[in-house]
Amino acid sequence: MYRKATLDDCHKVYHLICEMECKQLAFDRFSVIYQEQMSNEHYYYLLCEHDNNVIGVLNLRFEEQLHHSERIAEIMEFAVDSTYRNRGIGKEMLANACQLAKDFGCTQIEVACNQLRTDTHRFYLREGMHNFHFKFSKSFVGDDTEENIIGK
């Protein structure tokens with residue numbers, strides 16, 4: 001079952017995102033961001049439930065972009081519980097997200113994905129997405145090492 005997230009889902013979403021990132025995030029800050037995004041019409045959290053457990057989350061952001069002169073949807077976070085992967089859940093969630101993006105007037109959906117997540121790259125390509133962009137980042141806190149480590 002797929003549904004829009006509520007404020008009560010924060011802990012469930014938190015655990016999925018921590019598993020995806022392979023690290024324990026600061027829950028206090030996570031909760032503040034989650035609440036802010038839940039009250040912002042430019043964000044939509046799509047959840048997948050199985051046996052009353054949240055097993056997937058896909059966070060969409062909708063924004064007008066000058067370089068497109070259009071409204072674009074961007075997948076900010078997308079995680080499926082590791083015990084439920086390879087069952088078509090991600091495929092269904094992405095299809096639902098694409099329909100939501102169209103319903104919200106978007107002409108395109110985008111996602112940035114860490115270079116180390118090669119299985120995820122294959123998933124997006126298999127689902128008809130294209131790798132047309134590079135994304136660059138620079139840290140302003142701690143060590144700005146050039147080493148790419150999931151969970152960093």
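**Helix packing and the sheet**

Helix α1 (residues 10-21) packs against helix α2 (residues 27-38) at an angle of about 115 degrees, and their axes are 10 Å apart. Helices (H or I, at least four residues) and strands (E, at least two) are DSSP runs, numbered from the N terminus; axes are lines fitted to C-alpha atoms, for helices over the stretch in contact, and angles run from 0 to 180 degrees between N-to-C directions. In this contact (heavy atoms within 4.5 Å), α1 contributes Cys 10, His 11, Val 13, Tyr 14 and Ile 17, while α2 contributes Phe 27, Phe 30, Ser 31 and Tyr 34.

The model is predicted: local features need pLDDT of at least 70, side-chain atom pairs count only at pLDDT 80 or more, and totals for chains, interfaces and linings use all residues. Residues are numbered from 1 along each chain as its sequence is written, and side-chain values use heavy atoms, with hydrogens and water left out.

The sheet comes next. Five strands, in the order β1-β2-β3-β4-β5, form an open sheet with mixed pairing; two strands pair if DSSP finds at least two bridges between them. At the edges are β1 (2-4) and β5 (108-111), each of which pairs on one side only. From one strand to the next, the twist averages 30 degrees.

Strand β4 (residues 70-80) pairs with β5 in the parallel sense over four bridges. Ile 75 has Val 111 in β5 as its bridge partner.

Finally, helix α3 (residues 89-103) lies across β1, β2 (43-50), β3 (53-65), β4 and β5, and runs at about 30 degrees to β3.
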